[in-house]
Amino acid sequence: MTRKRKLVVLGMMGRCPFGGQTWLYLNWLRGFARLGHDVYYVEDDATWPYDPRANSISDDPAYAVGYLGRVLAEIGLEGKWAYRALWKGQDACYGLSRRQLVDLYSGCDAVLNICGATVLNDDHRRAPRRVYVETDPVGNQLELAEGRPKTLAVLSAHDTIVTYGENYGEPDCGVPLTDHFRYLKTRQPIDLELWPMAFDPASPRYTTVGNWKQQGHDAVWKGETYYWSKHHEFLKFVDLPQRTAEAAFELCLNIDDASDRKLLSDHGWVLTSPLEMSLDPWGYQQFFRTSRAEWTVAKDQNVRLQSGWFSERDACYLASGKPVIAQSTGFEKFLPTGEGLFAFRTLDDILAAVEAIESDYERACRSAREIACEHLEAEKVASKFLRDLSL
C-alpha cells in the first residue's frame, strides 16, 4: 500500500438483512481495513428496508439501523457507518450525521458501489471516484445490448465498472460487451480469520443455500430469453440424489410452491428453509461449517454465456474447508479445479466429483481451504482491486 485511502462502501445489508448479503459486504470491508485503509459502510437511498419482525418491507428504519450497528461493531467498524433514509419527504441519517456523511463523500478517495445496489445521487457525486462493482454479471450487459437507457444512465454515473464476470471478452464468452464501458475484473474476497476451517468427517450432507424461484429479472437479447431464476438449472439435475449412494443432498432454499417441494422430496432431496438462520450472519455461517460439501447450480444467464462468475457463497464453503461442486460458468479458467473445487456441466461430471471427494475426504477439504487461501483471501483480492483502480 502506497498510502492510506479513505474508502466508502455503498451497500444494502441493512435494507436486506440476511446472511448472504451481509457477508458479501463484511468480507470486502475487512479486506480493505486489514490493508490499513480508512473504511466506511453507507446505505444512502430511497428504498424501504425489509423488517423481519413484520416480515415485510417497512418505512421504519429501526431494524436496519440496529442491525448495521451490531454487525459492523463485530468487525471493528463501530461508529464508521451511516444509514440515510430518503423517503416520504424526509432525510433522516443514522450513525454518522448528514453533515458528516456529505463531508465523507467530499473527502474520500473513492465510493465503491458494491452490488450496484445504490442509485447515485448528487451527494455521491461529490466523491472523486465512483466505482460500480458488478457482483451479478450478465444482466446489465444484456440490457445495454438491447438499448435500455435506464441501465446506461445508472452505470454512466460511475467512472469505472468492475465485474465478477472474469471471462468477459474471452473467445468462449458470449456476454455482449458494448463500447460504453471497459470492465476491470475481480472476485469475491473472503476473510479467513472470520471464516476458519471447520473439518468434520461426520458432516452428513452436500448442501446449498439461496432462493428457488425469483421472478422479474429475466433478460431478452436477440429474441432469446436468458433466465435469472436458478430453479431452471436445479430442475435439470433433479435426479441427482437417486443417482448416488455416496452422498445425501440438502437444498436450503425458499420454496413457496407445494408442488415444487413435493417434486424435490420425491426425488430424494432434503428440504430446509434458510429464512430464520439467515437473519443472523453467524448462524448463517454455521450452516456452512456443518455441511459436508456444496453442490450448486448457477443462473442460466451465467451458464449459457460463460461469464466466469464465481459465487460469494462458494467462497464461504471453500474457506470453511468444504469442497465445492459448482455448475460451470467459465470460472474454472481462473480457479484451480479437480480436488477441492469441481466445475460440472453434466450429471456424470457431478457423480465423478462426488466420487473424488469421498475417496479422500480430508484431502478434498484441505484443498478447498488452500484454494480460498491462495485465490480468494480478502487482503489479496482487495489489494489487486485497488491496484487495478490505481488507488
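**Notebook: sheet and cores**

I started in the sheet, where Thr207 stands opposite Glu250 in E14. The model I am reading is a predicted one.

I then looked up the strands around this position. Strand E11 covers residues 205–211 and strand E14 covers residues 248–254. I found that these two pair in the parallel sense, over seven bridges.

Next I checked what packs on this pair. Helix H10, residues 281–289, lies across E11 and E14. I noted its direction as about 145° to E11. Helix H12 (residues 312–319) also packs on the sheet, and I listed E11, strand E16 (293–296), strand E17 (324–327) and E18 as the strands it touches. The direction of H12 makes about 160° with that of E16.

I went on to the sheet as a whole. I read six strands in an open sheet, ordered E15-E14-E11-E16-E17-E18, with parallel pairing. At the edges I have strand E15 (270–272) and strand E18 (341–344), each of which pairs on one side only. From one strand to the next I have an average twist of 25°.

Last, I looked at the nonpolar cores. The largest has 70 residues. Within this core I noted Tyr25, Leu29, Phe32, Leu72 and Phe385 as the residues with the most contacts. Another core, of 29 residues, lies apart from it, and I wrote down Val238, Ile255, Trp295 and Ile357 as being among its members.

I followed up Leu72 and set aside its neighbours within four places in sequence. What remains in contact with Leu72 is Met13, Leu26, Leu29, Tyr41, Leu77, Glu78 and Trp81.

Notes
Residues are numbered from 1 along each chain as its sequence is written. This is a predicted model: local features need pLDDT of at least 70, side-chain atom pairs count only at pLDDT 80 or more; totals for chains, interfaces and linings use all residues. Side-chain values use heavy atoms; hydrogens and water are left out. A nonpolar core is a set of buried Ala, Val, Leu, Ile, Met, Phe, Trp, Tyr and Cys residues joined through side-chain atoms within 4.5 Å. Buried means under 20% relative accessible area, exposed over 50%, partly exposed in between (1.4 Å probe, protein chains only). Contact means heavy atoms within 4.5 Å. Two strands pair if DSSP finds at least two bridges between them. Helices (H or I, at least four residues) and strands (E, at least two) are DSSP runs, numbered from the N terminus. Axes are lines fitted to C-alpha atoms, for helices over the stretch in contact, and angles run from 0 to 180 degrees between N-to-C directions.
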